[in-house]
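Open the model in your viewer and keep the selection tool ready.

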Amino acid sequence: MRRDVFQAIADPTRRAILTLLAVQALTPNALAEHFEVSRQAVSKHIKILNECELLEKEQDGREIYYRFDPLKMKAVDDWLQPFKQLWESRFTQLDKLLDKLKSE
């Protein structure tokens, strides 16, 4: 089954993994040290993130290092764009209302 980026970021553990990997490349064992779940559970999350093409992996001897590949997150940003415009419009309206109330 092919997963999409929205499934990947739906889980808080996977979001935490992405946050860690955005800072530096890590091995699965190094990632597992940051969570109170088994190494196998972290590996399953890595597998899903990898299927969603959110990770790049690099082999260094016997170790595999994973790093975050932010290109796929563009789909999320594109999807959020209309909502951002709506929020900004409403905040602008609220600012105007507050300014009006202050001046009265």
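A salt bridge here is a side-chain nitrogen of Lys or Arg within 4 Å of a carboxyl oxygen of Asp or Glu. This is a predicted model, in which local features need pLDDT of at least 70, side-chain atom pairs count only at pLDDT 80 or more, and totals for chains, interfaces and linings use all residues. Residues are numbered from 1 along each chain as its sequence is written, and side-chain values use heavy atoms, with hydrogens and water left out.

Select Asp77 and Lys84: their side chains form a salt bridge, 2.6 Å from N to O. Asp77 has 32% relative accessibility and is partly exposed (buried is under 20% relative accessible area, exposed over 50%, partly exposed in between; 1.4 Å probe, protein chains only).

Next, select Glu58 and Arg67, a salt bridge whose closest N and O atoms are 3.0 Å apart. Arg67 is partly exposed, at 31%.

How many salt bridges does a search of the whole structure find? The search finds four.

Now select Lys72 and Glu53, which meet in a salt bridge at 3.3 Å, N to O. This pair links distant parts of the chain, 19 residues apart: Lys72 lies in the loop between β2 (63-68) and α5, Glu53 in the loop between α4 (39-51) and β1 (55-60). Helices (H or I, at least four residues) and strands (E, at least two) are DSSP runs, numbered from the N terminus.

Last, select helix α5 (residues 74-103), which gives the most to a nonpolar patch, with nine residues.
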